[in-house]
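Hi,

Here is the structure I promised to pass on. Have a look at it first, and then read my notes below.

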Amino acid sequence: PDSALLAKDWERRERSPGPSAARSRPFVYFCTSRLPIPKLEHTLKRYLAAQEPLLDDKQYRNTKRIAKEFEKGAGKRLHRELVELDEKNTHTSYISDPWFNMYLSAREPVVLNFNPFISLTPDPREAYNNQLVRATNLIISSIKFLNSLQNNYLRPDIYYGNPKWSESRLFKNFIRLLPTSVSWYGAYMVNAYPLDMSQYKRLFRSSRIPKLNKDELFTSECSRHLLVMRNGHFYVFDVLDSVDNILHPSEIVAHLIYIIQEADHLPEFALSYLTTEDRNIWATVRQQLLEAGNEENLKKIDSAIFCLCLDNIFPKDEDELSQCLLHGNGFNRWFDKSFSLIITGDGHAGINFEHSWGDGVAVLRFVNEVYRNSTRHPALLPHSRSSETTVITCERLKFKLNDSIQSAIQVAHEKFDERKKKMSMKRFQFRKFGKDYIVKQRMSPDAIFQLACQITFYRQFGKVVPSYEACSTAAFKHGRTETIRPTSMLTKQCSQAIVEERGKRSVVELRNMIDECSKYHRRLQMEAALGNGFDRHLFALKHLAVSRGEPMPDFFLDTAYQKINHNIISTSTLQSPAVNLGGFGPVVSDGFGIGYHVSDNWLGCNATSYLDEELQEFLRCLEYSLNDIFDILEGRPLM
């Protein structure tokens with residue numbers, strides 16, 4: 001269609017400030033309950049259960065003694081003070097401030113160490129996977145999400161115990177009519193559990209600002225411009241007018257075409273490498289940038305609605321795509337933005353997000369909404385022409401760089417290239433079974449994948465190690481995450497039986513062991529989701545002791561405590577039809593970062609490590625372990 005017809009159709013369908021804004025009244029945002037502080041004795045009991053498979057008898061007895069002394073002494077006092085502090089701060093959760101402090105005080109570079117990525121599923125219609133078309137449609141869908149959020153038209157996040165009931169008009173009307181003060185109880189009555197949405201305020205117009213010793217989070221109130229990066233150059237243009245209507249798609253694509261044509265070379269000194277630096281170094285150089293007269297340009301970057309990265313990269317496979325989304329080439333990213341929308345030259349799309357402000361639940365909701373809207377209601381059609389009458393208002397940000405800043409950029413560039421060379425990333429898929437098969441076996445799909453990882457490590461290294469699985473506590477006000485500890489006595493015994501005692505155990509016996517592992521993992525999941533894990537409670541107690549300048553209790557100096565927090569296997573999963581894959585770097589230098597996905601008919605992961613040969617062997621052993629599990633569930637003896 002020509003630009004005139006496109007404009008007419010856009011005026012009819014898409015100019016409203018948010019989805020259904022003209023037709024719907026604002027949604028009620030449910031009150032969420034407060035994150036509980038577990039009883040200290042329960043926390044220590046769970047802690048010792050997680051320590052048992054990791055320690056020999058002598059080590060375990062010593063750690064148990066230290067835990068008992070902590071429970072009666074320093075721990076009892078710190079727990080009481082934590083409860084008293086929590087009762088004075090009913091507007092938030094006991095973990096919120098310590099967790100922000102942990103992220104913002106970390107001095108390691110955010111890239112590879114903290115920022116995860118999510119790859120969007122390609123648009124089902126191939127013609128829409130053109131870089132310009134997909135970028136324009138995702139920009140518009142993102143801004144529609146922003147407007148819906150601002151105007152309270154965005155549906156609240158709710159976990160539905162009965163999804164079919166939740167889609168009924170009766171339920172929706174019931175929820176709409178409830179006063180906010182009782183909305184949580186009303187939702188609970190119909191088996192619907194509202195989730196905390198406080199993180200959404202940092203999703204847009206936000207950035208992490210490097211400061212000495214502890215960074216800060218910045219969020220603009222009303223910026224209207226988008227930050228676009230191409231070949232290491234920075235551009236900004238308004239995508240919202242004075243009343244927050246979205247720029248016409250033909251105008252947006254005209255600006256993107258202008259940027260691609262104009263940014264046809266790399267800068268001599270790519271400023272964005274500085275966001276890959278140690279945070280104290282970056283904070284020092286940023287101050288130099290301010291003193292050199294770059295304050296306005298930095299404000300435009302920090303306050304931009306989000307960052308769009310138009311990459312001149314054409315990944316040949318999913319491993320290259322994952323590398324592009326996790327770290328890319330460094331010069332075409334601003335890793336401090338709350339999130340960056342990345343579009344490759346062949347139209348693959350993904351999100352790289354800074355982790356201090358929020359967790360996967362908020363980002364996944366955004367990804368789901370934007371993917372759904374951009375594929376079902378695309379604003380720009382393939383082969384549409386950009387408007388010839390568009391006045392390009394795009395501004396290229398030019399920075400004043402003195403010798404000291406240029407030198408810092410060069411050093412950052414060299415360090416980044418060296419770090420990313422050391423990290424390996426591999427994609428793995430197993431197609432003999434998936435979620436549907438495991439559910440038919442009356443087991444937990446998540447538990448089966450976690451068990452496979454435990455068997456794999458035991459097969460490869462002959463031991464069990466501390467493992468981490470992230471679990472959202474968004475069911476509570478200002479909840480963040482809790483840790484599920486997949487390594488247990490049950491998984492250790494099952495791993496030993498499958499790896500070392502293959503001919504000594506019957507298929508029935510092995511299946512029962514797998515079933516027990518599944519049941520126990522489900523229990524750990526439930527405890528963590530309800531705020532009844534042990535990691536966050538102990539973390540908050542330690543943070544309280546440190547913040548008050550007290551001598552560190554022996555409990556936290558115990559080598560066993562430090563060992564269990566050195567997570568060799570770090571895992572996380574986000575399940576959605578909108579998500580193609582996801583991943584993150586390993587959290588320790590000798591470990592593995594595993595972003596996994598359990599689909600209906602297959603399961604797989606994106607695995608990262610600084611140990612290339614060990615990573616390749618890990619994935620070979622993972623396939624072996626999954627085959628063993630499949631044979632057992634099928635009733636075949638292990639050979």
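**What I found**

Glu469 has Ile484, in strand S16, as its bridge partner. The two strands behind that bridge are S14 (residues 467-472) and S16, which pair in the antiparallel sense over four bridges. Before you go further, keep in mind that this is a predicted model.

S14 and S16 belong to an open sheet of six strands, ordered S13-S20-S19-S17-S14-S16, with mixed pairing. Strand S13 (424-430) and strand S16 (481-484) are at the edges; each has a single partner strand, so one side of each is left without a neighbour in the sheet. From one strand to the next, the twist averages 25°. Helix H23 (residues 612-633) lies across S13, S19 and strand S20 (603-609), and runs at about 10° to S13.

There is also an open sheet of eight strands, again with mixed pairing, in the order S12-S8-S7-S9-S10-S11-S2-S18. Its edge strands are S12 (395-396) and S18 (579-583), each pairing on one side only. Within this sheet, strand S2 (residues 117-120) pairs with strand S11 (residues 349-353) in the antiparallel sense over three bridges, and Ile118 stands opposite Ile351 of S11.

Two helices lie across parts of that sheet. Helix H13 (residues 318-326) lies across S2, strand S10 (339-343), S11 and S18, running at about 130° to S2.

Now the nonpolar cores. Which residues touch the most other members of the largest one? They are Phe204, Phe306 and Leu308, out of 49 residues in that core. Helix H6 (residues 131-150) supplies the largest share, eight residues. Leu308, leaving aside neighbours within four places in sequence, is in contact with Ile139, Leu226, Leu227, Val228, Met229, Leu256, Leu341 and Ile343. Apart from this core lies another, of 41 residues, including Met513, Phe592, Ala607 and Ile629.

On to the rings: the count comes to 30 aromatic pairs. One of the pairs is Phe457 with Phe592, edge-to-face at 6.4 Å centre to centre and 80° between the planes. It links distant parts of the chain, with Phe457 in helix H17 (residues 445-461) and Phe592 in strand S19 (residues 592-598), 135 residues apart. Both Phe457 and Phe592 are buried. Elsewhere, ring pairs join Tyr47, Phe70, Phe534, Phe555, Phe556 and Tyr561 into a cluster.

Two arginines sit over ring faces as well. Arg125 lies over the face of Tyr128, 4.0 Å from the ring centre, and Arg480 lies over the face of Phe100, at 5.2 Å from the ring centre.

Finally, some backbone angles to look at. Most residues other than glycine have a negative phi. Asn152, however, has a positive phi, near 60°. Asn152 is in the loop between H6 and strand S3 (158-160), and its relative accessibility is 36%, so Asn152 counts as partly exposed. Asp244 is not a glycine either, yet its phi is positive, at about 65°; Asp244 lies in the loop between S8 and helix H10 (249-262).

Cheers

Technical notes: Residues are numbered from 1 along each chain as its sequence is written. This is a predicted model: local features need pLDDT of at least 70, side-chain atom pairs count only at pLDDT 80 or more; totals for chains, interfaces and linings use all residues. Side-chain values use heavy atoms; hydrogens and water are left out. Two strands pair if DSSP finds at least two bridges between them. Contact means heavy atoms within 4.5 Å. Axes are lines fitted to C-alpha atoms, for helices over the stretch in contact, and angles run from 0 to 180 degrees between N-to-C directions. Rings of Phe, Tyr and Trp (its six-membered ring) pair if their centres lie within 6.5 Å; planes under 30 degrees apart count as stacked, over 60 as edge-to-face and the rest as tilted. Buried means under 20% relative accessible area, exposed over 50%, partly exposed in between (1.4 Å probe, protein chains only). A charge sits over a ring if NZ of Lys or CZ of Arg is within 6 Å of the ring centre and within 35 degrees of the ring normal. A nonpolar core is a set of buried Ala, Val, Leu, Ile, Met, Phe, Trp, Tyr and Cys residues joined through side-chain atoms within 4.5 Å.
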